[in-house]
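Please look at the structure below before reading on.

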Amino acid sequence: MWLGATANEVVDKLVSQLENNTLTADLTLRMEESATQVLTYSGKIVMRGNKFRLEMTQMEIAYDGSTLYTYQSENNELTLSTPTAEELSEIIPQLYMKQLLQQSTPRVEQIGDRYKIIVDDFTLIISRDYLPLTLTMKESATKKAVLKLQNAVYSQAQPAFSISKAGAYLNDLR
């Protein structure tokens with residue numbers, strides 16, 4: 001399926017892998033607000049379907065399919081909320097990509113042993129094994145987010161997609 005695959009075949013296979021397997025990876029997130037204002041974060045991500053758990057230096061975020069958990073170690077606060085579909089599409093790249101695909105046709109380029117999937121201002125580079133490697137979302141000419149995954153692997157693991165912190169202040173907004 002790799003050589004000569006259509007754009008839709010590549011995207012369908014990627015979505016199938018993300019929905020049916022658990023993806024675990026180290027990540028680097030680079031937020032470019034302007035040429036002079038750049039923020040970089042690193043951490044770990046685990047995701048399966050629309051569920052995920054993201055761990056970064058001072059923050060953990062998880063979504064179990066209904067509740068969004070946000071833990072800030074700086075003030076030892078755990079917030080629980082029920083996100084809207086729009087909010088979810090902003091924080092789960094797979095949902096954002098699905099939303100874009102309903103409005104636009106993907107373009108796929110083969111670059112060596114990788115595929116580059118382009119849909120409007122969304123670019124995703126994946127490996128031959130359909131592992132996401134780099135995701136770029138442009139909001140404007142100067143504002144964009146670049147997510148790079150390292151040591152990415154698929155597995156059949158069923159991790160917990162929630163956060164529990166003993167002693168943390170609980171802010172339940174559900």
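Predicted model: local features only at pLDDT ≥ 70, side-chain atom pairs only at ≥ 80, totals over all residues.

Residues are numbered from 1 along each chain as its sequence is written, and side-chain values use heavy atoms, with hydrogens and water left out.

Strands are DSSP runs of E with at least two residues, numbered from the N terminus, and two of them pair if DSSP finds at least two bridges between them. Strand 10 (residues 132-138) is mostly covered, with five of its seven residues buried, where buried means under 20% relative accessible area with a 1.4 Å probe and protein chains only. Its two pairings are set out here.

| Pair | Bridges | Direction | Bridge partners |
|---|---|---|---|
| Strand 9 (residues 122-127) and strand 10 | five | antiparallel | L124 and L135 |
| Strand 10 and strand 11 (residues 144-155) | five | antiparallel | K138 and K144 |

The hairpin of strand 9 and strand 10 has four residues between the strands, and Y130 there takes a positive phi near 65°; the hairpin of strand 10 and strand 11 has five residues between them.

T22, found in strand 1 (residues 22-32), is buried, with a relative accessible area of 1%. The side chain of T22 reaches the backbone oxygen of A157 at 2.5 Å, and the C-alpha atoms of T22 and G49, 27 residues apart along the chain, are separated by 7.9 Å.

The charged end of K165 sits over the ring of Y71, 5.0 Å from its centre, the rule being NZ of Lys or CZ of Arg within 6 Å of the ring centre and within 35 degrees of the ring normal.

Notes: Buried < 20%, exposed > 50% of the residue type's maximum accessible area, 1.4 Å probe, protein only. Polar contact = N/O pair within 3.5 Å; in protein donor to acceptor, adjacent residues only side chain to side chain.
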